[in-house]
Amino acid sequence: MTTPNDPLVTTEWLAAHLGDPKVKVLDATFKMPGVLPLPKDDYLKAHIPGAVFFDVDEVSDHSNPLPHMYPSAEQFGRDAARLGVSNGDTVVVYDAGGWVAAPRAWWMFLSFGHTDVRVLDGGLKKWIAEGRPVDSGQVTPVAGSYSASFDAARVRKIEQMVANLAGNAEQVIDARQAPRFAGEVAEPRAGLRSGHIPGSRNLPYAELFDAATGVMKPLDELRKAFGAAGVDLARPIVTSCGSGVSAAVLTLALYRLGIRDTALYDGSWSEWGVENGPPVATGPA
């Protein structure tokens, strides 16, 4: 690890600790609906030895029609235990290297009181590029013992987001690509309006990591990216995206910059963009 407080862990560190029974590795690879092969199939084909599949859609509130919304603390505790995680473990999450869902899983663990959680810098992409071993097939872990406690300050609901429109006390940063933010293209999820939350800023999550290596950019480049997007790092921040997943890439980058009291809008555009929903803005930020 870069420092004890860095949310990232290196492939070198993970390779040295794979045999540690207190280090639990989770593959949180995620794709948009309809994209094949399915993330679980990718996992079954190749994963870091011992890694258990963290299904973003499964570890969610199944009573909510919105995609992969936060579950209750009770459910998260059951799901974490089923994945073989106990409260005293070091959790390392990764995805295929496109930086989509590993940060989401990381933020969920933090939100439910698990501070010893890290994201693998570069993910499976970097791991494989370095010639490190992978396994195939299902990993069925021994169940852990897990008790979760939800920190509501890390997540925002739509009522809070609507209330924020009046004074913009919290800056909203949207992680979607610029054409979606500007309302120039149709949303990938059917039935949603195009555009963005009025007053929000746009910083596409893919700008925060090196696409060739999968490694997150250096701190000075992260700071410049937020500045170029018009974000004041001294003011409160809420991250948003299409459905509350890639927004956590921004959250992770901010955390690396020492900004750790941000929140994530869980419903994101899947909730805000519905017909007859709150006001929508179009065009650039």
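Tutor: A definition is needed before we start: two strands pair if DSSP finds at least two bridges between them. Please also keep in mind that this is a predicted model.

Student: Which residue in β9 is the bridge partner of V172?

Tutor: The partner of V172 in β9 is V238. Strand β7 (residues 171–174) and strand β9 (residues 237–240) run parallel and are joined by four bridges.

Student: And how many bridges join β7 to β8?

Tutor: Two bridges join β7 to strand β8 (residues 201–202), and these strands also run parallel. In that pairing, I173 stands opposite R201 of β8.

Student: Which way do the residues of β7 point, and are they buried or exposed?

Tutor: Q171 and I173 point one way, V172 and D174 point the other way, and all are buried. In a regular strand the side chains alternate between the two faces of the sheet.

Student: Let us change topic. Which residues touch the most other members of the largest nonpolar core?

Tutor: That core has 59 residues, and L26, F54, F76, W106, F109, L208 and F226 touch the most other members. The elements giving two or more residues to the core are α3 (73–82), β4 (90–94), α4 (102–111), β5 (117–120), α8 (219–228) and α9 (247–256). The largest share, eight residues, comes from α9.

Student: What is L208 in contact with, leaving aside its neighbours within four places in sequence?

Tutor: L208 is then in contact with L203, M216, K217, L222, A225, F226, V249, L250 and A253. There is also a second, separate core of twelve residues, which includes W13, Y94, L124 and W127.

Student: Now the aromatic rings. How many aromatic pairs does the structure hold?

Tutor: It holds 14 aromatic pairs. In one of them, the rings of W106 and Y255 have centres 5.1 Å apart and planes at 90°.

Student: Why is that pair edge-to-face?

Tutor: Planes over 60 degrees apart count as edge-to-face, and the planes of W106 and Y255 are at 90°, so this pair qualifies. It links distant parts of the chain, since W106 is in helix α4 and Y255 in helix α9, 149 residues apart. Both W106 and Y255 are buried.

Student: Which rings are linked into a cluster?

Tutor: Ring pairs link F54, Y70, F76, F109, F112, Y146 and F150 into a cluster.

Student: Finally, which residue lies over the face of W107?

Tutor: R154 lies over the face of W107, at 4.9 Å from the ring centre. Likewise, R132 lies over the face of W127, at 5.6 Å from the ring centre.

Conventions:
Residues numbered from 1 in each chain as written. Predicted model: local features only at pLDDT ≥ 70, side-chain atom pairs only at ≥ 80, totals over all residues. Heavy atoms only, no water. Core = buried A, V, L, I, M, F, W, Y, C linked by side-chain atoms within 4.5 Å. Buried < 20%, exposed > 50% of the residue type's maximum accessible area, 1.4 Å probe, protein only. Contact = heavy atoms within 4.5 Å. Phe/Tyr/Trp six-rings, centres within 6.5 Å; stacked < 30°, edge-to-face > 60°. Lys NZ or Arg CZ within 6 Å of the ring centre and 35° of its normal.
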